[in-house]
Amino acid sequence: MALLDVCGISDWLKEDGFNAKAASVDKVNHFSFAARTPEFAVPVGVDPAKFLKPLTDNEDGVNGVKLELEHGTTTLAFKFQHGVMVAVDSRASAGSYISSQTCKKVIEINPYLLGTMSGSAADCMYWERVLAKECRIYKLRNKERISVSAASKLLANMMVGYRGMGLSMGSMICGWDKKGPGLYYVDDNAVRLSANMFSTGSGNCYAYGVMDSGYRYDLSVPEAYDLAQRAVFHATHRDAYSGGTVNIYHMQEKGWIKVSHENVEELYHRFAAEKK
Amino acid sequence: MALQEVCGFNKLSYLYPEWNISASAFVYLEETLFSFHNRKNTDFGGFFTGSNGSPLELYVPVAEYLKESPLQFGQASPDVTPQPTAKPEYCSLPTLPFPTDIPLSASSSIPLPFQLSHGTTTLAFQFQGGVIAAADTRSSCSGLVACPSSQKILPIHSHLVGTTSGTSADCFLWKRILARELRLYQLRHRRRLSTGGAAKLLAHMLHPFKGTELCVAATLCGWDVGDNEETESTISAHTIEKNEEETIERNESLEMVCQKSTQPAPVGNLQQNMSGPRLFYVCSDGTRLQGELFSVGSGSPYAYSILDRDICWEMSVDEAVALAREAVYRATHRDAYSGNNVDLYHITAMGWKRREREELKEEYYREKEREREKVAERRRKMEKADGSKCVK
């Protein structure tokens with residue numbers, strides 16, 4: 001299969017994910033995804049999955065240290081008749097410290113593909129850039145754009161190799177290809193789902209309430225902008241790990257456009273004034 | 001102070017001078033304890049029986065009782081010797097920093113058979129027309145829907161309603177205890193305790209169980225009647241009418257309403273400004289908060305965003321009811337542990353009024369129908385616009 005060849009997965013699929021002997025030697029420090037002999041970049045001498053499991057699974061972790069890999073953000077995306085709406089907040093937190101209120105959580109893979117980020121900022125940024133590289137290589141090799149389905153599959157396969165090793169990424173791949181608007185959710189557990197509407201992150205439940213209540217497939221464009229903005233705003237209002245500005249993107253047939261970025265405080269006053 | 005008297009603090013302060021509250025923290029569980037075994041009363045003699053006049057006498061089971069407990073699942077063998085550092089279980093006091101002659105914690109902890117999750121959606125908010133309390137009706141038991149039509153909003157008295165979340169057994173029991181205490185207070189002092197007072201009472205009753213597996217998260221919604229408000233005589237007439245068709249557990253509440261024809265006793269300055277709708281959130285970990293909007297349970301985040309979006313003080317009653325229903329509906333749509341029906345209570349100066357229980361399946365179909373209509377209308381409009389364009 002063409003995709004398997006591109007990924008170079010069929011070679012090592014038969015082996016175990018982690019090879020102790022191979023890992024004991026210091027290998028290249030990046031994931032050479034499409035090479036004929038792909039290698040995983042893992043720390044030397046230790047099995048990351050076994051190391052991480054007791055720290056995350058048990059109640060008390062190890063000696064009282066428990067790692068909680070949460071996705072602290074709110075991102076959402078939904079498909080409707082005029083394309084795909086993508087809305088994200090912009091707060092980056094490190095524990096209880098807000099490290100940035102102006103973080104970019106949407107990565108523009110190419111003019112017709114967007115990826116959102118939630119979870120560990122480093123993991124998301126790195127892997128989505130690797131995905132961007134792979135999409136570009138695909139286009140150069142095959143002289144046509146990669147489909148959204150294939151792009152999300154590539155990302156999911158990258159994740160599956162590092163399963164259990166502590167990656168934290170919840171991403172939505174949105175785009176427009178030959179089949180029309182596409183929206184996929186890809187997780188650090190290599191979950192890959194397609195649906196009309198997704199929301200990820202710690203504020204996702206708050207966003208779902210508003211989004212469900214206003215969603216119809218035949219929304220008009222301004223209605224869709226408003227719905228996406230309101231949903232993220234209400235999540236930032238209630239969730240401590242979401243805030244900053246609400247960035248909205250609209251994926252159309254000719255590519256994506258950035259609709260707006262509004263500060264959450266201004267939105268609050270605007271919505272409060274509307275109520276009266 | 002009224003509260004201390006109710007709890008019988010002053011009588012027991014001689015025993016525990018450092019901590020008055022502790023004395024009132026024993027639960028009196030006569031029926032449950034006696035039904036399990038036929039011990040004589042004397043076996044409980046080792047305990048603090050206190051003064052019988054105190055309404056909040058609580059008994060800690062004997063250490064040996066726990067060995068005979070009917071709970072068979074996952075039970076660790078209980079020790080007889082009280083260990084001050086043992087984790088407390090149901091009905092036993094947490095360790096206290098004063099010398100005791102009572103075996104405080106009877107045994108090493110008995111693990112529960114499964115993780116009790118707080119699967120529910122309840123919400124309550126204030127607006128100009130009073131307080132609305134709404135809840136779903138699903139009782140779940142670790143993945144099984146144990147009861148699809150349970151009642152999560154329990155009326156406590158004619159002007160106070162409590163929503164429940166957490167363990168249903170705990171919530172039900174503590175609501176009844178609270179109702180009893182409020183009634184006693186009212187009989188003694190010839191006035192109703194305010195919602196804030198009721199919340200404080202509940203919080204103090206639950207405090208000794210902090211750290212145990214007791215789980216109660218309730219919002220108390222009520223209307224406080226101040227000195228300057230309409231006298232109870234008019235209120236009683238209205239509430240009798242409205243409450244006739246409702247099933248009221250305790251007949252005393254009806255009697256209470258009937259008897260309230262006298263003016264309330266003169267109260268302090270505090271009461272003057274504290275009439276009107278009130279909403280308090282009380283949790284078994286000790287939280288007691290006043291607010292204008294609360295939602296509790298696993299489905300609460302979904303409900304919160306809907307409520308935040310549309311809530312405003314000047315809403316009409318119909319709008320408020322529709323908002324509460326929509327919020328519960330959205331939460332049940334996304335949360336697996338909430339569902340089935342919506343219960344809605346509206347509390348005004350006249351007392352609480354209960355709406356007909358609504359099936360959420362109907363709501364779902366109605367919504368689909370509305371969507372279809374909107375789509376059809378949109379299409380018609382577009383066709384008309386196109387038609388007019390073509391003509392030109």
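Guide: A place to begin is B:G211, which sits in the loop between α6 (195–206) and β7 (217–224) of chain B. Please keep in mind that this is a predicted model.

Visitor: Why is B:G211 called exposed?
Guide: The word exposed is used for a relative accessible area over 50%, and B:G211 has 63%, so it is called exposed. In space, B:G211 and B:D285 are 7.4 Å apart, C-alpha to C-alpha, although 74 residues separate them in sequence.

Visitor: What makes A:K133 and A:E134 a salt bridge?
Guide: The cut-off is a side-chain nitrogen of Lys or Arg within 4 Å of a carboxyl oxygen of Asp or Glu, and the side chains of A:K133 and A:E134 meet at 3.6 Å, N to O.

Visitor: Why is A:E134 called buried, and why is A:K133 called partly exposed?
Guide: Buried means under 20% relative accessible area, and partly exposed lies between that and 50%. A:E134 has 3%, so it counts as buried, whereas A:K133 has 40%, so it counts as partly exposed.

Visitor: Which classes do B:D310 and B:R309 fall into?
Guide: B:D310 has a relative accessibility of 36% and is therefore partly exposed, while B:R309, at 18%, is therefore buried. The side chains of these two, B:D310 and B:R309, meet in a salt bridge at 3.3 Å, N to O.

Visitor: How do you know that B:E369 forms a salt bridge with B:R372?
Guide: Their closest N and O atoms are 2.9 Å apart, and the limit for a salt bridge is 4 Å. Both B:E369 and B:R372 belong to helix α12 (residues 360–391) of chain B, where they are three residues apart, about one turn of the helix. B:R372 has a relative accessible area of 52%, so it is exposed, whereas B:E369 has 37%, so it is partly exposed.

Visitor: What links chain A and chain B, in terms of salt bridges?
Guide: There are three salt bridges between chain A and chain B. The side chains of A:R238 and B:D308 meet in a salt bridge at 2.9 Å, N to O, and a network of salt bridges links A:R216, A:D218, A:E223 and B:R378. Polar contacts between chain A and chain B come to 11 residue pairs, both residues being at pLDDT 80 or more. On the side of chain A that touches chain B, α6 (204–214) and α7 (221–238) each supply at least two residues, and the largest share, seven residues, comes from α6(A).

Visitor: Why is an area given for an interface?
Guide: The size of an interface is often given as the accessible area lost when the parts come together. Between chain A and chain B the buried area is about 1,800 Å², with carbon and sulfur atoms giving 52% of it. On the chain A side, A:R216, A:R238 and A:K275 lose the most area to chain B, together 31% of what that side buries.

Visitor: How many residues of chain A are there, and what share of them is buried?
Guide: Chain A has 276 residues, and buried residues make up 50% of them. Its secondary structure comes to eight helices and 12 strands.

Visitor: What is the average pLDDT of chain A?
Guide: The average pLDDT of chain A is 83, and 81% of the residues score at least 70. Confidence in chain A is lowest in helix α2 (residues 20–23), at a mean of 55, and highest in strand β9 (residues 192–194), at 95.

Notes:
Residues are numbered from 1 along each chain as its sequence is written. Chains are lettered from A and ligands numbered from 1 in the order in which they are written. Side-chain values use heavy atoms; hydrogens and water are left out. pLDDT is the predictor's confidence in each residue, from 0 to 100. Helices (H or I, at least four residues) and strands (E, at least two) are DSSP runs, numbered from the N terminus. Buried area is the accessible area (1.4 Å probe) that two parts lose on being put together, summed over both. A polar contact is a pair of N or O atoms within 3.5 Å; within protein, one must be able to donate a hydrogen and the other to accept it, and residues adjacent in sequence count only if both atoms are side-chain atoms. Buried means under 20% relative accessible area, exposed over 50%, partly exposed in between (1.4 Å probe, protein chains only).
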